[in-house]
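Okay, thanks for making time, everyone. Let me put the structure up on the screen, and then I'll walk you through it piece by piece.

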Amino acid sequence: MPGTVLLLAASPVGKGCLVDAASVLPVLAAVAPSVLSGTDTANVVELADPLEPQAVLTRLRAAATAPGPLTMFVTGQLQLDRRQRLPHLALARTTPSTVRYTAFPWHWVTEELRLRPPGSTTVFIDLHADADTWTFLAGRPLTVGPATALYGRVAPPPPRRTVAQPAYMRAVATLLRSGHRPPLLQLHQQALTRTSGEETARPGAADLVFAPGQSWAGQPWPPAPGFTTVTSPPRTLPPPPAVPPAPPVAIPGQAAQQVSPPPSDPHGEITAAVRDGRHDEALALAGRREREALRAYGLGSEQVLHWMEVRADLAMFAGDPERSCRGWLALAGTRLDAGQAPDAPEVESAVDRAHHQWGRIDDPARARELGAELARLRLRVPGRREGALDHVRQQLRQLQTQP
């Protein structure tokens, strides 16, 4: 099956530019598509200094829905919007005061990649952050979701009146131009080694370096023993404290069995179960983690909300749109009850995904039941897509005529 490669390089025009992002595109474009993707053939999409967030979203969505492996190479700079304090990828027209409207929200990357099969997506990043974003990332490292492999670095802002170079991404491209694609972790470490050789004289803080399940701050590279661990695991939520074992979990089609103690990497365990088609086991594991988080942190905590989100996704992977829709509706309601704003990205995303899964329910009675709940929720959370509430009402009228 052919792969898909998305090359995205973006930075503002003018004095707000921190990195010459587009300079790496010719080097990446010189690499054979099959080497970029690790497949026999691949479709390559290139975005150089795009102007509009929606244009980036359209290309990203098309790449995310394409069959086969997806590899993304993203170069540019990160800035925070002043209202919601969320990191954005700055585009050509972005200024500090217009980030919310002219930059690409980073959480859109996570949202669009969420529905891809686990293990099919890899993202390489070489990003520079402005001072505000760099401080933000110290407490909330960048993520692309638990099912996506993330490699690369985020660098601190360069000295004033200096435009940095995407040294890490150029090293990745140079290594791949040989025609050999080593294992990705090895490629990542080789690129970091080359980058450290180019930037040893750079003053200031060390880069944040990312690989699946871990990231480091420090030089030289690859990370040596004793380097400070910034975050682990793929998601940034802290693990729940130890709690008594949960009761036996009954898995459909099998005798009731005692679930083993939570692994050190529950996301990896769940991903492996989904990859093997063991969807009931994956749902049981996520359900147990949610119950543990509920006892430890309480309803409405980010830990509980995270595992509610995981369970809704797992139901989708299992081909159960009704359960997935119920999960997303419950998640949206819980977020609203916890005081989150109706236009918060997490709330809008939950309602949008409930809407999407609702449209896949075949049983008219169940669709009518959940459609009425979705319509009530759409009154509070209309979302960014015009006509969403009207669509629900129209579909409900059609469902009323069905037995």
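Predicted model: local features only at pLDDT ≥ 70, side-chain atom pairs only at ≥ 80, totals over all residues.

So, Ile 270 is where I'd like to start. Leaving aside anything up to four places away in sequence, Ile 270 touches Ala 282, Leu 285, Ala 286, Trp 307 and Leu 314.

Now, what does Ile 270 belong to? The largest nonpolar core, which has 38 residues, and Ile 270 is among those with the most contacts inside it, along with Leu 314, Cys 325, Leu 329, Trp 358 and Leu 374. Where does that core come from? At least two of its residues are supplied by each of helix 9 (266-275), helix 10 (279-297), helix 11 (302-317), helix 12 (321-337), helix 13 (345-358), helix 14 (364-380) and helix 15 (388-400). Helix 11 is the top contributor, giving 7 residues. There's another core too, apart from that one, with 34 residues, and Leu 8, Ala 10, Val 74 and Phe 210 are among them. As a general point, nonpolar side chains in soluble globular proteins tend to be buried together.

Let me zoom out for a second. The chain has 403 residues, and 51% of them are buried.

Okay, helix packing. Take helix 12 and helix 14: their axes come within 11 Å and cross at roughly 25°. Angles under 35 degrees count as roughly parallel, so that's what we call helix 12 and helix 14. The crossing there is left-handed. Who's actually in contact? From helix 12 you've got Glu 322, Cys 325, Arg 326, Leu 329, Ala 332 and Leu 336, and they meet Arg 366, Glu 369, Leu 370, Glu 373, Leu 374, Leu 377 and Arg 380 of helix 14. By type, that contact splits into 7 nonpolar, no polar and 6 charged residues.

Helix 14 also packs on helix 13. Those two axes come within 11 Å as well, but the crossing angle is roughly 155°, and that makes helix 13 and helix 14 roughly antiparallel. This crossing is left-handed. On the helix 13 side we have Val 351, Asp 352, Ala 354, His 355 and Trp 358, meeting Ala 367, Leu 370, Gly 371, Leu 374, Leu 377 and Arg 378 on helix 14. The breakdown here is 7 nonpolar, 2 polar and 2 charged.

His 128 sits in strand 6, residues 121-129. Buried or exposed? Buried, because its relative accessibility is 3%. Beyond its sequence neighbours up to four places away, His 128 touches Val 19, Gly 76, Gln 77, Leu 78, Arg 153, Ala 155, Pro 156, Pro 158, Ala 164 and Gln 165.

Then there's Asp 40, in the loop between helix 2 (33-37) and strand 2 (42-48). Asp 40 has 77% relative accessibility, so it counts as exposed.

Note on methods. Residues numbered from 1 in each chain as written. Heavy atoms only, no water. Core = buried A, V, L, I, M, F, W, Y, C linked by side-chain atoms within 4.5 Å. Buried < 20%, exposed > 50% of the residue type's maximum accessible area, 1.4 Å probe, protein only. Helix = DSSP H or I, 4+ residues; strand = E, 2+ residues; numbered from the N terminus. Contact = heavy atoms within 4.5 Å. Axes fitted to C-alpha atoms, helices over the stretch in contact; angles between N-to-C directions. Parallel < 35°, antiparallel > 145°, perpendicular 65-115°, else oblique. Left-handed = near helix turned anticlockwise from the far one by under 90°. Nonpolar A, V, L, I, M, F, W, Y, C, P; charged D, E, K, R; others polar.
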